[in-house]
Amino acid sequence: MHRQCCAAIQCFFCTLVQQRDTTAYHTGLRQWQHWYRSLNAVTQKRYTAANNNVYYNLSCTYALLHQPAAALCYLDTALQYSYADYQHLVNDSDLVSLHQLARFKALVQPLRAVGDYLFILKTASVYDNTVHSNLLPAFTYQSPADTALIALRRYFHLDSIAGTGNQTEQVLNLLHWVHNLVPHDGNTENPPVRDALHLVSVCRKEGRGLNCRGLATVLNECYLAMGFKSRLVTCLPKDSLGIDPDCHVINSVYVPALHKWIWADPTNDAYVMNEKGELLGIEEVRARLINGEPLILNPDANWNHRFTRSREEYLYGYMAKNLYLLQCPVNSIAGNETRMPGKVISYIQLNPVAYFRQKQNGGAKSGTQQGDLLYYNTNNAAAFWQAP
């Protein structure tokens, strides 16, 4: 949720790398350390990526200055602070002068099992569709005739926004509209009342944005209001080191004319296609990443119209990390995640068989309750992605 803030910190130090200014870098490093150490443990964890990148970039600086001993020393420090982006590390041209050194190889080799996200995803390809799906609660979808969704549809004139084109065009029109309606802000929590009308109202009143979960909530309810079955999908990493608090929330919307679920990411205005230009769903994208099959990201995918999203960074990097575990609310209804006394919110989580923290309850309806949240775990991908 703190990706943009971490990116700004990294950008500052990257500028010093480009300038090869070790004096200024160490001054900035001392200031960073003083600030970081003043944070409590919970807040420090949010800035794990920024912290290890500060040391990683200092390693790059010394590598570019052809000082391998110092470069390897700070690379080791970055790894000790849980730097885990294996693909970036081994492909970073700043570190090419270190690649043939025995110590570099020794430092990097153990990282693959925890930091090569595509490699990790490929080891998680196996599900078990023999698990009894009839013991899981059934996914439900709110009717567009519900008064809350009628009000949403009328207030935002969703019929005009969706347009009169085919179902695919309507789905994409709504995606683009929500992306432009409210900016993404990953550094703030969403308002406590979490239905689309209230979320957008608060953002307009306070001049603020929503995190990825808030944007996906708004889009989800717009899809439901227009008669499309839709789910909020939390995409989670394996996180075997316990250092990655980041996840990403997108939408999976069922298009009846295509007989399939479709990927829709309002944070990045992103959807995904195969080599024929056919829209893909989350399950298909995950399988294609694992099998090395072609993927095409829409060329206008972007973050807040400030940064273009590339296929390599978005799909092969960020989403490859976050497609290890998938979690959906059991009930797709307006305001589902608004917390209230006595209310229990239920989720089904799809785990690969290889997941090391497996809490497989065999599909039993007991679930695992954490406060007012109830989680069901399954390895059955067919049940998880059943057509509505």
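Me: Which residue of β3 is the bridge partner of S230?
Reply: In β3 that partner is V253. Strands here are DSSP runs of E, at least two residues, and helices are runs of H or I, at least four, numbered from the N terminus. This is a predicted model, where local features need pLDDT of at least 70, side-chain atom pairs count only at pLDDT 80 or more, and totals for chains, interfaces and linings use all residues. Residues are numbered from 1 along each chain as its sequence is written, and side-chain values use heavy atoms, leaving out hydrogens and water.

Me: How many bridges join β2 to β3?
Reply: Six, and the two strands run antiparallel. Two strands pair if DSSP finds at least two bridges between them.

Me: And β3 with β4, parallel or antiparallel?
Reply: Antiparallel, over five bridges. Y254 stands opposite W261 in β4. β3 and β4 form a hairpin with four residues between them. In the turn, H259 has a positive phi of about 60°.

Me: Is β3 buried or exposed?
Reply: Mostly covered: eight of its eight residues are buried. Buried means under 20% relative accessible area, exposed over 50%, partly exposed in between, with a 1.4 Å probe and protein chains only.

Me: Which residues sit on which face of β3?
Reply: H248, I250, S252 and Y254 are on one side. V249, N251, V253 and V255 are on the other. In a regular strand the side chains alternate between the two faces of the sheet.

Me: What is the strand order in the sheet?
Reply: β4-β3-β2-β9-β11-β13-β12. The sheet is open, has seven strands and shows mixed pairing. β4 (260-264) and β12 (368-370) stand at the edges with a single partner strand each, so one side of each has no neighbour in the sheet. Neighbouring strands are turned by 30° against each other on average, direction ignored.

Me: What does helix α14 touch?
Reply: Helix α14 (residues 212-225) packs on the sheet and touches β2, β3, β4 and β11. Contact means heavy atoms within 4.5 Å. The direction of α14 makes about 15° with that of β3. Axes are lines fitted to C-alpha atoms, for helices over the stretch in contact, and angles run from 0 to 180 degrees between N-to-C directions.
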